[in-house]
Amino acid sequence: MDEDVGVNIIIAQVCQRLKGSHLHSHLEKQAKECLHRPEIKLECIKDDVRSFLKETGWERKLQNAVYRELHTLPPPSHTVAPPEHTKEPLSYMRKAQACWEKRILKSLNSMCTELGVPLARKRPVREQKDLVHKWTEMGTNEPDLSNFRPVYAPKDFLEMLISLRNANHDSSDEASCKSHWGLIQVPLNVKNIPEMRKVFVELGLGTSQLGIDDNIHITPDLFENEHVRLGKRVVSEQDSAAAQQYSRQGCPTGLRATLWALILNCGNDLEDVMRYEQLKSGVIHHDLLVDSLIYKDVKLTASNDDYYFVFEDYLYQILLCFSRDTTVLEHFIYNSATPPKSSVQGKQGTEEYALVYPPNGVIPFHGFSMYVAPLCFLYNEPSQLYRIFREMYVRYFFRLHSISSSPSGIVSLCLQFEKLLQIHLPQLFYHLREMGAQPLRIAFKWMVRAFSGYLATDQLLLLWDRILGYDSLEIVAVLAAAVFAFRAENLMEVTSLAAAEAVLADLSTLKVMPLLQIFLFATVI
Amino acid sequence: MSKNKTAGYRGHHSYQKRKEAEARSFIRYRCGFTNTIQDVLRQRPGWVEVKEDEEWDFNWCDVGWLRENFDHSYMEEHVRICHFRNYYELTRKNLMVKNLKRYRKTLEREVGHVEAAKCDFFPCTFELPSEYHLFVEEFKRNPKSTWIMKPVARSQGKGIFLFRKLKDIMDWKKDGSRLEEQRDEAQVESYVAQRYIENPYLIGGRKFDLRVYVLVSSYLPLKAWLYRDGFARFSNTRFSLSSIEDQYIHLTNVAVQKTAPDYDPERGCKWPMQQLRRYLTAKHGAHAVETLFRDIDNVFVHSLQSVQKVIINDKHCFELYGYDILLDQDLKPWLIEVNASPSLTPSSQQDYEMKCHLLEDTLHVVDMEGRLTGREKQVGGFDLMWNDGPVSRENSGLETLGSSCFSPNTNLGCFNDRENQLRHLKVLPGQKSA
């Protein structure tokens with residue numbers, strides 16, 4: 001009985017979300033138009049319309065849309081639970097997140113006062129015209145960014161996470177062998193290897209996959225050709241769920257863009273293009289302080305990357321629009337973070353004049369542009385690239401820089417990483433700890449960016465295939481541990497944090513799938 | 001010039017001497033460069049550098065030395081040198097065009113229109129001043145197109161400019177802003193006017209060209225190897241036809257880019273070929289990209305065939321060419337230029353390693369140590385592309401059995417498993433085992 005109630009609630013929620021969406025109006029339109037068709041009979045109009053919609057692929061589209069909503073639906077909560085609990089059930093986490101947000105907003109505001117730059121200003125007409133003209137080559141602008149600094153860097157965030165404590169958890173009388181050696185000292189439930197073997201079953205030693213079984217020495221007939229054939233079928237069926245399942249074994253390079261678009265349910269129809277154009281005009285009309293932060297970030301990170309420097313212009317086109325996209329605010333229902341508010345000049349203190357700043361509620365940090373860079377490899381059309389990035393952000397990336405108890409949240413990932421290391425590589429962990437080289441200090445930056453900029457592009461995309469396939473970021477923590485396992489021999493020789501950093505400085509030659517497979521399935525438990 | 005530049009002199013006991021040379025445990029080399037090739041030669045086990053007046057077995061010379069000394073040198077059978085005597089038939093722009101046009105006519109006559117069309121990878125080119133009238137005719141036929149003027153014999157982007165009006169050439173001829181030396185030279189020097197490719201394939205809004213390495217170990221019969229690695233060189237600035245004046249956009253040579261005002265030397269605007277191949281596959285699918293790379297193979301083969309009968313074949317000679325290829329938006333490859341002395345100066349650590357491997361593998365193919373059987377289809381990172389006929393890939397799989405599907409033995413932009421392949425060769429004398 002309870003289950004049914006639960007399902008009904010979910011159905012109601014999904015219907016609520018889809019009502020009034022473009023898909024809804026398309027379906028209505030299609031249903032109305034098909035009434036003219038001869039095969040629709042008045043007696044069984046409902047069934048006939050339904051089968052028409054099924055045959056023309058509209059049912060599949062609806063299915064994909066529902067599937068998408070299920071991904072981002074918050075977990076069912078108790079009837080009397082306040083809305084904060086949907087964002088984050090644990091109060092100490094909520095408090096920590098609020099405290100962190102206060103700090104970064106303060107940092108942003110003080111930078112704004114120091115530099116005398118307003119948070120937002122309307123562009124003069126001349127400047128607007130210039131920007132329209134240079135829209136596709138913003139990388140050639142050389143604004144003076146020397147006074148701007150990133151609002152925060154991953155290592156600042158790490159310090160915050162290290163200080164997290166659950167007041168209800170008494171760890172005072174635990175024996176040292178049971179205690180946690182790492183930096184994260186909160187009691188969250190994270191999966192161990194036996195549990196992960198059940199979840200990541202398609203990565204097993206007995207299952208073929210891209211990243212391993214498409215190696216040059218293995219004839220493509222054995223796996224690759226068949227996998228590509230299957231991929232083409234999945235694409236022709238236009239089935240989100242099937243694409244997601246398929247992605248667990250990796251997406252072929254030639255099909256990846258289409259498959260990801262299917263999994264994320266991102267088309268590139270007229271509405272998307274119009275939405276993007278709207279955002280673009282927002283950028284043209286107003287200049288935000290955040291824009292300078294974005295510029296600085298792109299110049300510091302992606303522009304200096306050996307592979308991604310080519311896409312510099314795209315990054316501005318995407319990120320500047322992203323800052324102005326108020327639909328991103330929807331994801332704060334299930335994000336433990338709350339969008340920062342700032343007051344309009346001259347009207348401080350009054351709640352109604354407090355505006356969300358930036359409009360999308362997301363303050364970029366050092367390295368933020370690296371979330372977009374790998375996607376430029378797959379999508380050319382700015383409006384589609386934008387849709388894909390936005391969807392990836394509201395499904396996954398936001399979890400990497402907000403404090404929450406979610407299993408895909410950065411806190412859980414850090415804890416999982418440390419636990420895996422402690423259980424399976426205790427000698428290494430102990431040694432590094434003794435040398436003052438806590439492993440998380442090195443691995444954190446990889447995980448915050450989901451390894452973007454650290455792995456070679458093709459390897460990164462294979463990793464992100466699995467993030468999409470399993471709808472979880474846990475694989476990122478596993479990879480971090482697997483990297484340490486791989487370089488364990490060299491790491492045992494180091495005697496300082498700097499030396500450990502040097503051993504792990506260059507990950508560009510790593511092959512992620514063999515590392516993951518060996519760590520998950522060949523580790524002796 | 002001392003006459004004693006010969007490598008191995010003819011003497012009484014010449015046969016004896018040759019046997020001795022073979023039995024000699026080291027190979028004497030000369031090198032006219034101080035960059036990567038010098039490092040590679042020095043590190044090769046059993047190879048010893050010799051001084052100016054001494055005999056040599058191997059010479060990595062520059063073309064200047066070749067011009068002055070090749071004709072006066074007697075080379076014993078085992079001796080190798082890194083250029084063909086008249087390499088310029090392929091690399092000098094006006095000669096290459098002439099040879100290609102002639103070859104195309106032959107193909108059309110002897111084989112047919114379809115085969116001849118395969119030579120249309122060279123943009124319409126005229127030699128100036130000799131073909132000036134033909135050029136003007138063509139120019140008037142398409143008044144809206146853009147043309148590029150290139151000096152015949154210079155490299156690294158020097159002296160190149162774009163134009164749209166015939167008036168621009170007149171101005172250039174009389175241009176007082178050019179340096180004195182240039183003006184004098186220009187009277188003697190010829191130029192080529194080539195139709196500019198106005199729809200290049202852009203990545204991130206930037207133009208790029210491909211540098212590919214082809215090693216020719218013999219012209220008669222034609223034996224050519226294609227290196228798997230290479231790179232795409234990006235222009236630092238964004239492409240737009242409206243800025244013809246800005247030569248930095250249009251020229252993608254690293255040498256020119258280095259002087260552009262916003263050049264960032266830390267960055268090095270190159271992508272390895274593998275990255276480019278993957279990018280194109282992600283955008284256009286595997287099939288389109290395979291077709292593209294077949295077309296690129298075609299550029300190499302036909303360009304080499306066009307000079308095959310003209311180049312003085314000499315068993316002592318081999319040559320490593322650097323081909324510059326441009327892609328247009330329809331994924332058609334265009335041949336821009338062939339370099340007989342591709343730059344070996346590295347632009348980054350990664351580039352240095354790639355060039356070292358390239359040169360090491362070149363020496364493996366040249367095979368002074370006599371390790372190869374002659375039946376190899378791959379040596380290090382080189383795949384045998386043409387051996388007096390097309391070379392097919394081994395183990396093509398069941399689907400090619402009995403079918404007319406021919407799978408060429410080239411892997412440009414694919415994974416370079418050179419280390420693995422080199423393990424199959426005999427260890428070099430004096431080499432530490434891997």
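Predicted model: local features only at pLDDT ≥ 70, side-chain atom pairs only at ≥ 80, totals over all residues.
Figure 1. The average pLDDT of chain B is 81, with 78% of the residues scoring at least 70. For the complex, the predictor reports an ipTM of 0.83 and a pTM of 0.86.

**Figure 2. Stretches of chain B with pLDDT under 50.** Over residues 183-187 of chain B, pLDDT stays under 50, and the model has 5 contacts beyond four places in sequence for these residues. The pLDDT is also below 50 over residues 262-268 of chain B, a stretch that has 14 contacts in the model beyond near neighbours in sequence.

**Figure 3. A nonpolar surface patch on chain A.** The patch is formed by Leu35(A), Leu42(A) and Ile45(A), which together have about 300 Å² of accessible area. Leu42(A) is located in the loop that lies between helix H2 (22-34) and helix H3 (45-55) of chain A. Leu42(A) counts as exposed because its relative accessibility is 71%, the cut-off being over 50%.

**Figure 4. The surroundings of Asn35(B).** Asn35(B) occupies the loop between strand E1 (27-31) and helix H2 (36-43) of chain B. With a relative accessible area of 19%, Asn35(B) is classed as buried, since that class requires under 20%. Leaving aside residues up to four places away in sequence, Asn35(B) touches Leu344(B) and Thr345(B).

How values were computed
Residues numbered from 1 in each chain as written. Chains lettered and ligands numbered in written order. Heavy atoms only, no water. pLDDT = per-residue confidence, 0-100. Contact = heavy atoms within 4.5 Å. Patch = residues over 30% accessible without salt bridge, like charges linked within 9 Å, V, L, I, M, F, W, Y side chains within 5 Å. Areas by Shrake-Rupley, 256 points an atom, 1.4 Å probe, with all protein chains shown as cover. Salt bridge = Lys/Arg side-chain N within 4 Å of Asp/Glu carboxyl O. Helix = DSSP H or I, 4+ residues; strand = E, 2+ residues; numbered from the N terminus. Buried < 20%, exposed > 50% of the residue type's maximum accessible area, 1.4 Å probe, protein only.
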